[in-house]
Amino acid sequence: MSVTNQTQDFVFGLDIGTRNIVGTVGYQGEDGFHVIAQCNREHQTRAMLDGQIHDIGRVGETIKEVKDVLEGMIEAPLTQVCIAAAGRVLQTITTRVAYEYPEETVVSGEDLHTLDLMGIDQAQQELKGQEDNKYKFYCVGYSTMRYYLNGELFSSLEGHKAETIEEDIIVTFLPEDVVDGLYSAVERAGLQVANLTLEPIAAINVAIPENFRMLNIALVDVGAGTSDICITRDGSIIAYGMIPLAGDELTEVIVQEYLVDFATAEKIKLDSSSLEEVEYEDIMGIPHKIKAKDVWELTESVREKMTTEVAAKIKELNGGKSVSAAFVVGGGGKIHGYTESLAKKLDIVPERVALRGEEVMKNITFEQQDVKKDPLLVTPIGICLNYYEQKNNFIMVHFNGEMMKLYDNGHLTIVDAAMQAGFTTEELFPRRGREIHFTVNGTPRMARGAEGESAIVRMNDVLVGMNTPLEFNCFIEIEPSTTGEEAVFTIEELDEFANSNVAFEVNGKRIVCPKFVEVNGSLEMGSYQIQEGDAVETRNFYTVGQLAEFMDVEVDQDYDILVNNRPATFDTLIYENFTIDWKVLGYGAGQDVTAAGPVTDGPVFSEISAEEETSGDVAEAEDIAGTAPEEAREPEGMEEQEETVEETEPGIHVTVNGETVFMTGKKDYIFVDIFNVIDFDIHASAGRPVVTKINGERCSYTAALHENDVVDVYWEEA
């Protein structure tokens with residue numbers, strides 16, 4: 001997200017408060033954080049209330065004003081920004097998550113990020129199970145409370161060998177409309193969000209160093225609309241909270257008492273903290289001069305209400321007891337008597353409740369000479385520092401109308417976002433209709449369904465492909481792929497039906513007929529639609545009656561019918577090269593020969609003279625014909641005239657995760673086709689990226705597959 005100026009990488013942090021918008025631009029150096037530009041602007045109207053944006057347009061204009069001023073200071077453009085959300089309607093989930101290695105492994109930073117994402121996902125599922133559907137919540141921050149190595153408590157895991165790693169994690173959520181408002185206002189100013197955190201998380205980065213977090217301390221960020229709270233103990237943050245009372249409550253009292261507008265009341269409030277006398281002009285244009293003590297007394301009841309509720313929330317978050325100390329940041333905490341009152345409500349000595357300002361910014365270098373180190377600056381600087389902690393770890397996108405946070409490994413594509421959103425490979429890629437499996441003469445066959453339509457993918461309203469790289473804060477819309485029509489396959493489409501014949505000699509003429517087809521033991525016509533599991537058999541014989549019907553002749557049954565010179569009936573079976581002699585009365589008579597079952601479909605028979613085609617060993621056939629039984633069996637010793645052609649399904653062999661599979665049914669194959677032939681649970685990511693390789697090289701989901709390729713697909717563990 002950084003803008004490069006010579007060798008320094010700048011980060012732009014923006015604290016969008018109820019009363020002020022404070023922008024900070026700086027960079028992390030070896031000696032601490034350097035602030036190179038700072039700008040503070042007040043809202044001209046009540047565009048925000050209680051930490052939530054009400055007028056997106058006006059807030060966007062103020063953000064742009066701050067952005068323009070900072071760009072002028074650094075003489076470089078700013079395109080991306082880090083922001084923080086106030087804790088309005090804040091929800092927190094504390095959960096424990098574990099990851100077990102296949103074998104003892106050295107824990108890496110990547111493993112810990114994966115563990116965090118598993119915790120975030122688990123917390124999100126727990127929240128879904130308890131929310132009342134009034135709000136749709138979005139994760140805005142998290143803190144690891146404790147680590148465990150093989151079941152033992154550890155302060156740090158990276159570099160240790162482990163079989164199992166665990167963590168207790170506290171995850172914070174805000175309603176999606178709060179987050180949407182922040183994003184929309186930032187976008188109005190021509191900026192993209194590079195990182196989003198929670199205001200108390202940002203403030204604690206500056207106000208409470210890690211070595212202080214072993215103590216039981218409360219941090220209170222008193223803004224204009226909300227007072228955000230977090231609690232530390234045993235080296236980590238243990239709880240977050242918020243009350244919707246802050247500086248604006250005090251200002252409202254001043255507005256009513258002194259008959260001034262809101263901006264003038266704000267000035268009176270601030271001046272009363274540093275001056276003995278305050279001058280102002282009311283809405284009638286009458287000038288006034290009052291003592292600061294009068295303002296203190298006027299606001300005392302509201303201040304007491306604020307500190308009472310803050311103290312009660314601190315005790316609630318801290319397990320029903322007070323903390324050892326409390327630090328206060330934010331402009332609202334500067335009101336006279338605030339820290340003393342909060343100490344009293346917490347039952348601790350006044351010295352243990354203090355404003356944090358200049359003293360916590362010792363490692364912050366301000367390169368602007370006129371900048372005052374003030375509690376107001378703690379949160380925006382903390383927002384910048386939070387970016388460095390999560391730099392390149394997350395990317396936020398809008399997916400089918402919902403915001404999503406993904407772990408950014410530098411290679412994220414739309415497929416990754418879709419799979420994390422719960423899309424299956426079937427929804428992302430075209431699906432064939434239902435197949436039909438059957439057998440022909442005992443050999444398995446399959447007819448495939450029609451190919452479906454591909455998914456329609458748009459990013460920022462532009463049609464793109466599945467492997468398009470993700471962009472910060474992009475808008476992705478996916479219309480799922482469709483399933484093609486189910487397979488339809490008829491007998492007449494079988495090669496055995498169209499190309500396999502049987503020949504007889506009838507009254508000295510060579511007659512070639514198609515072989516009959518039997519399905520599950522019953523004769524069927526060529527138009528029969530083959531069903532799942534059908535057993536199709538081609539019959540290499542006719543009955544005399546079927547032959548007469550096929551030739552469409554009327555046979556005179558008063559005269560002998562001879563098969564191989566032996567008397568026969570309409571039910572007599574006739575095989576390849578048998579001779580049939582009968583007397584024909586006429587053609588096209590439609591003689592009823594249903595005893596053996598009619599056959600009305602099929603190609604027209606052809607007449608071939610004996611001289612044109614060799615008939616085979618007729619004498620041997622005649623001998624067999626005399627003893628052939630009436631059931632459908634081929635005569636013994638008769639030479640097979642039909643050449644059997646075994647049809648092989650086209651396809652390729654590939655090795656997937658060590659096992660060889662055969663892929664069929666397509667002319668060309670791509671990587672994603674392997675999910676049709678292997679068992680791989682695409683929902684088991686738990687925040688881990690999927691590794692896809694062909695012959696040891698990383699590849700995309702649409703990479704081509706070839707014969708004997710070696711494929712690997714697995715969840716990245718480290």
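**Figure 1. Lining of the second largest cavity.** By class, two nonpolar, one polar and three charged residues line the second largest cavity (Ala, Val, Leu, Ile, Met, Phe, Trp, Tyr, Cys and Pro count as nonpolar, Asp, Glu, Lys and Arg as charged, and the others, Gly among them, as polar). These residues are Y99, D111, T114, I165, R688 and E717. The model is predicted: local features need pLDDT of at least 70 and side-chain atom pairs count only at pLDDT 80 or more, whereas totals for chains, interfaces and linings use all residues. Residues are numbered from 1 along each chain as its sequence is written, and side-chain values use heavy atoms, with hydrogens and water left out. The space in this cavity is about 30 Å³, and the structure holds two cavities of 30 Å³ or more. On a 1 Å grid over the protein atoms alone, a cavity is a set of points where a 1.4 Å probe fits but cannot get out, a pocket is an open set with protein on both sides within 12 Å along at least five of seven lines, and lining residues have an atom within 4 Å of a point. Grid points are joined across faces, edges and corners, and a volume is the space filled by probe spheres set on the points.

**Figure 2. The second largest pocket.** This pocket holds about 980 Å³ of space. Of its 31 lining residues, S143, T144, Y147, E210 and R213 lie nearest the centre. The lining comprises 11 nonpolar, 14 polar and six charged residues. Strand β9 gives the most, with seven residues. Elements that each supply at least two residues include α2 (109-130), β9 (137-149) and α9 (378-390). Helices (H or I, at least four residues) and strands (E, at least two) are DSSP runs, numbered from the N terminus.

**Figure 3. Contact of helices α5 and α6.** The axes of α5 (residues 247-258) and α6 (residues 262-271) come within 8 Å and cross at roughly 110 degrees (axes are lines fitted to C-alpha atoms, for helices over the stretch in contact, and angles run from 0 to 180 degrees between N-to-C directions). The two helices are therefore roughly perpendicular to each other, a term for angles of 65 to 115 degrees. Residues G247, D248, L250, T251, E252, I254, V255 and Y258 of α5 meet F262, A265, E266, I268 and K269 of α6, where contact means heavy atoms within 4.5 Å. Seven nonpolar, two polar and four charged residues make up this contact.

**Figure 4. Salt bridge between E65 and R41.** The two side chains meet in a salt bridge at 2.9 Å, N to O (a side-chain nitrogen of Lys or Arg within 4 Å of a carboxyl oxygen of Asp or Glu). E65 lies in helix α1 (residues 56-74) and R41 in strand β4 (residues 32-42), so the pair ties together parts that are 24 residues apart in sequence. The whole structure has 21 salt bridges.

Note on methods: Angles under 35 degrees count as roughly parallel, over 145 as roughly antiparallel, 65 to 115 as roughly perpendicular and the rest as oblique.
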